[in-house]
Amino acid sequence: MTGTAPVPFTADDYKARMDRAARQAADAGLAGLLVAPGPDLVWLTGYAPPAVTERLTLLVLAAGREPVLVVPTLEAPDAEKATGAPALALRDWTDGKDPYALAAALLDDRGRFGVSDNAWALHLLGLQQALPDTSYVSLTEALPMLRAVKDAAELERLAAAGAAADAAFEEIRNVRFSGRRESEVAADLAALLRRFGHSQVDFTIVASGPNGADPHHEAGDRRIERGDMVVLDFGGLRDGYGSDTSRTVHVGEPTEEERRVHDLVREAQEAGFRAVRPGAACQDVDRAARAVIADAGYGDHFIHRTGHGIGVTTHEPPYMIEGEERPLVPGMCFSVEPGVYLPGRFGVRIEDIVTVTEDGGQRLNDTERGMVMVD
């Protein structure tokens, strides 16, 4: 079961994204954007180089100018096949030539440019040497909301990814936990994500018993025992867009305290979700979820932000954290995932991906949020 394939993005879709990015850069006072291989390049052009190497590949965007993709000659045929290629010009360079001289000719020699976060220092330093009067700022700092608001086609893919993750949870809750290693259950989860259409599995956290108090525990050799709480947090990419969901299950019957803490986190997650509406600040979501946990006396045990954006990567802006005052806008997608972590004992986290609608929020995950007991 993989579901139907999404409607493909078109060259016009990519042109619109590049045009929007160039306009936003100009509005931010930048001379342009320099985009290296990675999620930003894929989102803007549909192009992912066959391998990320020391050879310079760089998309140059500036308002009022045709987008240009600088590529090594040996990879130009692949770049020409990208869906967004008709909306840009290709400039290729051969080994032995200076790619920074080629790129520099496309840039304002005194400009300030936004640079994709995963650009290699090697390439940025090469550009600085060719154009010593230029300056640079990361895209996350300069245009943090560039990919934050999703269009209808992107929302469709995110919803499908969320449904696939939900299907994986419905299957994993029926497997045996007791007596098996965390790593074995994690392998089951990864196989289920792929079975339900994921091309890439980014993480499968299986944190049992005291390991559940570590939010980013890596599934290991610990054998899961009866009486354990088990935090499951898993996701990846399906049709190029992310999934990410967390549920906390219990092996056998929980204690009164375990049930109480689980109910508390569920209440906090619901409060965070109810705070989602257009115009609310990102920090309002964090405040709503955190207040529930703090009022119950567990505030010191909620040790991470309430949420992160999701799209062509599983973690991206916006972030639901105190101090983030940017307003929520319809089309934004992010996690709402409060947790309580009791060192040496257990942890609980419940997470859904939520999208902002015209009048509130909509969950993209809808599996059971109450206590689920497994064998």
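Of the 375 residues in the protein chain, 54% are buried, where buried means under 20% relative accessible area, exposed means over 50%, and partly exposed lies in between (1.4 Å probe, protein chains only). This is a predicted model, in which local features need pLDDT of at least 70 and side-chain atom pairs count only at pLDDT 80 or more, while totals for chains, interfaces and linings use all residues. Residues are numbered from 1 along each chain as its sequence is written, and side-chain values use heavy atoms, with hydrogens and water left out.

**The whole chain**

Begin with the entire protein chain in a cartoon view. The chain holds 10 helices and 18 strands; helices (H or I, at least four residues) and strands (E, at least two) are DSSP runs, numbered from the N terminus. The radius of gyration is 23 Å, close to the 21 Å that the globule rule gives for 375 residues, so the chain is as compact as a globular protein of that length. This radius is taken over C-alpha atoms, and the globule rule is 2.2 Å times the number of residues to the power 0.38. Along its principal axes, the C-alpha trace spans about 70 × 40 × 35 Å.

Consider next how the chain folds back on itself. Of the contacts between residues at least 6 apart in sequence, 67% join residues at least 24 apart; contact means heavy atoms within 4.5 Å.

Now switch to a surface view. The accessible surface comes to about 15700 Å², and 49% of it belongs to carbon and sulfur atoms. These areas come from the Shrake-Rupley method with a 1.4 Å probe, and for residues only the protein chains shown count as cover.

**First stop: Thr140**

Select Thr140, which lies in helix H6, residues 139-142. Thr140 is partly exposed, as its relative accessible area is 37%. Beyond its neighbours within four places in sequence, Thr140 is in contact with Asp117 and Pro317. Display the side chains of Thr140 and Asp117: a polar contact of 2.3 Å joins them. A polar contact is a pair of N or O atoms within 3.5 Å; within protein, one must be able to donate a hydrogen and the other to accept it, and residues adjacent in sequence count only if both atoms are side-chain atoms. Select Val115 as well: this residue is 25 residues from Thr140 along the chain, and their C-alpha atoms are separated by 8.8 Å.

Move to the loop between helix H10 (282-295) and strand E11 (307-309), where Thr306 is found. Thr306 counts as buried, at 0% relative accessibility. Its side chain makes a polar contact of 2.8 Å with the side chain of Asp286. Not counting residues up to four places away in sequence, Thr306 touches several residues, among them Val285, Ala289, Met320 and Ser335.

His304 lies in the loop between H10 and E11. His304 is buried, with a relative accessible area of 19%. The side chains of His304 and Tyr341 make a polar contact of 2.6 Å. Leaving aside neighbours within four places in sequence, the contacts of His304 include Pro215, Gly339 and Arg349.

**Last stop: Gly370**

Finally, select Gly370 in the loop between strand E17 (361-363) and strand E18 (372-374). Is Gly370 buried or exposed? Gly370 is buried, with a relative accessible area of 6%. Apart from neighbours within four places in sequence, Gly370 is in contact with His262 and Arg266.
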